[in-house]
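Here are my notes on the model, point by point. Please read them with the structure open.

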Amino acid sequence: MKTKLMIVVAASFLLFEINCSNQISVRSDYDRDVNLVIYKTYAWLPEKEIESKNNPLLYNELTDKRIRKAVELQFQAKGIPFDEENPDFRVHYHIIVENRSSVSPAPYGYYYSPYWTRSQMYVYQYQEGTLIIDLMDAKNNNLIWRGWATEVLNNRNLQLTEKEIAEAVYEILKEFPPKRR
């Protein structure tokens, strides 16, 4: 009976791992009073205006280079050129990693151990990473569009690969500019 319970627990954990890994959740929001189609050129927000990058595991030259390259490729594919001197909007990003937990009951309602008892609850700890890309009007620095991708980083190195970053940036910017409703 104990072996059966261990198999059920292991299967539950594996199912949780499969369901939570490599699923990117993407969302966006924008100022509906602004016609985003008029924004034709971009530049990066100057470093001094970006919030403190005090976590070297998240913010480093390699990650910065990968994110900038992925953003530039997406804008290039959309026909939005880089213009440092006279951009219509400025781009910057945030990286957030948070510790999360999930509570899950054992798959069966009751089990015998030497008495019939209620199901146990299992708590799974994991990390969730979010990449946020902000687009701001270059004239007044007002936020005009924000897109973000969130993914479970369970037991993974925080240094994402170029492919993973490119995929997240593609998914974030896929709907930019949004269709007017």
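1. Are Tyr42 and Phe89 buried or exposed? Tyr42 is buried, and Phe89 is buried too. Buried means under 20% relative accessible area, exposed over 50%, and partly exposed in between, with a 1.4 Å probe and protein chains only.

2. Ground rules. This is a predicted model, where local features need pLDDT of at least 70, side-chain atom pairs count only at pLDDT 80 or more, and totals for chains, interfaces and linings use all residues. Residues are numbered from 1 along each chain as its sequence is written, and side-chain values use heavy atoms, with hydrogens and water left out.

3. Overall layout. The protein has three helices and seven strands. Helices (H or I, at least four residues) and strands (E, at least two) are DSSP runs, numbered from the N terminus. Along the sequence the pattern reads α-β-β-α-β-β-β-β-β-α. Of the 181 residues, 37% are buried.

4. Aromatic pairs. There are eight in the structure. Tyr42 and Phe89 make a stacked pair, 6.1 Å centre to centre with 25 degrees between the planes. Tyr42 lies in strand E2 (residues 42–44) and Phe89 in strand E3 (residues 89–105), so this pair ties together parts 47 residues apart in sequence. Rings of Phe, Tyr and Trp (its six-membered ring) pair if their centres lie within 6.5 Å; planes under 30 degrees apart count as stacked, over 60 as edge-to-face and the rest as tilted.

5. A second pair. Phe75 lies in helix H2 (residues 61–77) and Phe176 in the segment after helix H3 (162–173), so the pair ties together parts 101 residues apart in sequence. Phe75 and Phe176 are buried.

6. The cluster. Both pairs belong to one aromatic cluster, formed by Tyr39, Tyr42, Phe75, Phe82, Phe89, Trp145 and Phe176.

7. Charges over rings. The charged end of Arg32 sits over the ring of Tyr30, 4.2 Å from its centre. That of Arg68 sits over the ring of Trp44, 4.4 Å from its centre. The test asks for NZ of Lys or CZ of Arg within 6 Å of the ring centre and within 35 degrees of the ring normal.

8. Strand pairing. E2 and E3 run parallel, joined by three bridges. Ala43 has Arg90 in E3 as its bridge partner. E3 and strand E6 (residues 121–137) run antiparallel, with 17 bridges. Ser102 stands opposite Tyr124 in E6. Two strands pair if DSSP finds at least two bridges between them.
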